[in-house]
Amino acid sequence: MGVDWVRMRLLPGVTEAGLRGLVAAQAERYAAAGRLPADLAAFAAPAPDVPHDPAELERRVERDTGDSSVFRVNALVANPVFPAEWRRAALRTHLPGELPGRLRVWRAHLERVRAGAHRPYLRAWHAYVIIRRLADEWAPLRALALAARDRDNAWALRPDLVAARERIIALPVPAPPPAPRWDAAGERGPLPVPFDVAPFAAAAREWNRRVPAGRKVHVTAPVGFASFLAAALEDEWLRDCLEWLDGAVRDGRGVLLW
């Protein structure tokens with residue numbers, strides 16, 4: 001099940017100051033429950049010790065039930081044009097007085113990136129995502145290649161399969177680098193060096209050509225940095241989300257994590 005934002009207003013007599021503790025507790029619970037996008041796993045936090053009843057927050061706001069009142073949070077939270085720490089922090093309820101300033105920050109960041117800013121961080125994040133995905137996908141393929149050494153099936157003994165198998169086993173096991181970090185000044189290290197995924201992708205394609213259907217394994221072909229960045233910047237889902245948030249601000253509403 002996905003996670004949404006729902007447009008909302010505070011009920012009469014409810015103050016934003018009185019809700020901030022509930023908002024923070026809700027955000028921590030969502031992150032600790034594995035609700036983060038996959039590339040933010042390194043930024044997950046342990047569950048808070050203080051019990052949290054989601055209804056405590058929900059009882060203090062009025063949710064909009066009209067058309068277009070809901071938007072999926074991953075439109076923004078999963079878009080890598082934003083620093084990972086920002087995306088982790090965005091997976092929360094945004095109160096009416098908080099949302100305009102946060103929306104201005106997000107839009108200003110997009111304009112700076114379009115103008116060429118923050119390339120070292122974004123290149124580092126691109127490398128991190130590629131290596132982390134490869135490490136996840138390579139492990140089952142390497143296990144299959146090792147197991148094939150002990151098989152006596154006709155397909156496993158063919159010279160072309162043996163060559164493909166040994167090529168996979170000989171490649172170094174990819175290890176994910178530390179996730180690039182971001183601070184208020186911009187970006188800071190350690191930044192991962194570029195990693196050549198092409199030999200791994202080629203070895204996987206060769207394996208898949210030689211084995212039965214049930215033993216094929218998907219290894220994602222690497223996407224170049226320019227394509228990675230363009231896809232993030234020009235994402236229509238992100239554009240629609242920001243316009244939807246603009247509408248909430250114009251109406252004097254916040255958005256409830258739901």
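Arginine 63 lies over the face of tryptophan 258, sitting 4.0 Å from the ring centre; a charge counts as over a ring if NZ of Lys or CZ of Arg is within 6 Å of the ring centre and within 35 degrees of the ring normal. The model here is a predicted one, so local features need pLDDT of at least 70 and side-chain atom pairs pLDDT 80 or more, while totals for chains, interfaces and linings use all residues. Residues are numbered from 1 along each chain as its sequence is written, and side-chain values use heavy atoms, with hydrogens and water left out.

The structure holds seven aromatic pairs, where rings of Phe, Tyr and Trp (its six-membered ring) pair if their centres lie within 6.5 Å, with planes under 30 degrees apart called stacked, over 60 edge-to-face and the rest tilted. One of them joins phenylalanine 71 and tryptophan 244, a tilted pair at 5.6 Å centre to centre with 45° between the planes. This pair links distant parts of the chain, since phenylalanine 71 is in strand β3 (residues 70-72) and tryptophan 244 is in helix α11 (residues 236-250), 173 residues apart. Helices (H or I, at least four residues) and strands (E, at least two) are DSSP runs, numbered from the N terminus. Phenylalanine 71 is buried at 16% relative accessibility, and tryptophan 244 is buried too, at 6%; buried means under 20% relative accessible area, exposed over 50%, and partly exposed in between (1.4 Å probe, protein chains only). Elsewhere, ring pairs gather Trp86, Tyr121, Trp125, Tyr128 and Trp182 into a cluster.

Next come the charged pairs. There are 17 salt bridges in the structure, each one a side-chain nitrogen of Lys or Arg within 4 Å of a carboxyl oxygen of Asp or Glu. In one of these, the side chains of arginine 87 and aspartate 39 meet at 3.0 Å, N to O. Arginine 87 belongs to helix α4 and aspartate 39 to the loop between α1 and α2, so this pair ties together parts that are 48 residues apart in sequence. Arginine 87 is buried, at 0% relative accessibility, and aspartate 39 is buried as well, at 11%. Arginine 60 and glutamate 56 form another salt bridge, at 3.1 Å, N to O. Here arginine 60 is partly exposed at 29%, and glutamate 56 is partly exposed at 25%.

Helix α6 (residues 119-148) holds both arginine 132 and aspartate 136, four residues apart, about one turn of the helix. They form a salt bridge whose closest N and O atoms are 3.6 Å apart, and arginine 132 is buried at 17% relative accessibility. Salt bridges that share partners also join Arg158, Asp160, Glu206, Arg209 and Arg210 into one network.

Helix α1 (residues 16-32) has 17 residues and reaches 24 Å from its first C-alpha to its last, close to the 24 Å expected at 1.5 Å a residue; the expected span is 1.5 Å times one less than the number of residues. Among its buried residues are Leu19, Val23 and Tyr30. The buried residues of α1 pack against elements including β1 (4-10), α4 (84-90) and β6 (254-257), contact meaning heavy atoms within 4.5 Å. Just after α1, glycine 34 takes a positive phi of about 80°.

Finally, arginine 165 lies in helix α8 (residues 159-170) and is buried, at 11%. Arginine 165 touches Ala145, Ala148, Arg149, Ala156 and Trp207, leaving aside residues up to four places away in sequence.
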